Amino acid sequence: MNEEEIMGMVWKCSLCGFCPKDIECPAFDDDARWESSYARGKVAIVHGMIKNPHLNFQESDLAKERLFSCTGCGHCLYICPSGVNVPDIINAGKKVLVDAGNYPEPHSNIIENIKEQFQDSCRPKKPRWFSSINRDLESSHQTRRKLKS
Ligand code: SF4
Ligand code: SF4
């Protein structure tokens with residue numbers, strides 16, 4: 001979805017409050033119960049990041065924590081009476097955060113691994129197990145040749 005489509009989806013939210021809570025939403029923070037714990041609060045964060053970048057939500061630790069807590073399970077989309085595609089909106093927000101270099105630590109390791117694998121070309125390097133399988137195959141060919149001779 002492009003920015004216009006995302007914003008069109010954001011404006012569909014009627015703030016009805018039917019967003020999943022508690023165990024229905026894995027990202028819901030039962031202790032905090034703040035607006036940003038709910039799907040609609042996350043939608044509001046993404047709205048702020050896209051339309052009001054001067055507010056610097058894209059550099060906020062709370063925005064990072066709230067948006068990356070979303071598993072993308074889609075339960076909110078299933079429940080929402082307005083058909084707001086919250087997971088896609090949150091994904092758009094995650095992209096803004098990633099572009100700003102504001103993402104959780106484990107994601108840095110994933111990014112480093114991808115960079116390492118794809119450093120010289122768009123093809124991944126051969127995985128480590130590849131050479132050991134090659135060795136095993138070669139030794140089994142040699143054994144078969146010996147048995148035949
Ligand atoms: S259920 Fe849908 S329309 Fe209602 S507040 Fe949540 S996202 Fe908005
Ligand atoms: S997609 Fe995200 S916000 Fe929606 S119910 Fe799942 S975890 Fe919660």
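## Overall fold

The chain's secondary structure amounts to seven helices and zero strands. Helices here are DSSP runs of H or I with at least four residues, strands are E runs of at least two, and both are numbered from the N terminus. The order of elements from the N terminus is α-α-α-α-α-α-α.

This is a predicted model, where local features need pLDDT of at least 70, side-chain atom pairs count only at pLDDT 80 or more, and totals for chains, interfaces and linings use all residues. Residues are numbered from 1 along each chain as its sequence is written, while chains are lettered from A and ligands numbered from 1 in the order in which they are written.

Of the 149 residues in the chain, 22% are buried. Buried means 20 or more other C-beta atoms within 10 Å of a residue's own, exposed means 12 or fewer, and partly exposed lies in between, with C-beta atoms placed from the backbone. Among contacts between residues at least 6 apart in sequence, 66% join residues at least 24 apart. A contact requires C-beta atoms, placed from the backbone, within 7 Å.

## Helix 1 against helix 2

Helix 1 (residues 3-11) packs on helix 2 (residues 39-51) at an angle of about 140°, and their axes are 10 Å apart. That makes helix 1 oblique to helix 2. Angles under 35 degrees count as roughly parallel, over 145 as roughly antiparallel, 65 to 115 as roughly perpendicular, and the rest as oblique. Axes are lines fitted to C-alpha atoms, for helices over the stretch in contact, and angles run from 0 to 180 degrees between N-to-C directions.

Glu3, Ile6, Met7 and Val10 of helix 1 meet Val43, Val46, His47 and Ile50 of helix 2. By class, this contact has six nonpolar, one polar and one charged residues.

## Two ligand shells

Ligand 1 is surrounded by 14 residues, with Cys13, Cys16, Cys19, Arg40 and Cys80 the closest. Helix 2 gives the most to this shell, three residues. The shell divides into 10 nonpolar, three polar and one charged.

Around ligand 2 there are 15 residues, of which Cys25, Cys70, Cys73, His75 and Cys76 come nearest. Helix 2, helix 4 (75-79) and helix 5 (86-99) each supply at least two residues of that shell.

## Positive phi in two loops

Leu15 is not a glycine, yet has a positive phi of about 60°. Leu15 sits in the loop between helix 1 and helix 2. Leu15 counts as exposed because it has 11 C-beta neighbours inside 10 Å.

Asn56 also has a positive phi, near 60°. Its place is the loop between helix 2 and helix 3 (61-68).

Definitions and conventions:
Two residues are in contact if their C-beta atoms, placed from the backbone, lie within 7 Å. Ala, Val, Leu, Ile, Met, Phe, Trp, Tyr, Cys and Pro count as nonpolar, Asp, Glu, Lys and Arg as charged, and the others, Gly among them, as polar. A residue is near a molecule or strand if its C-beta atom, placed from the backbone, lies within 6 Å of it.
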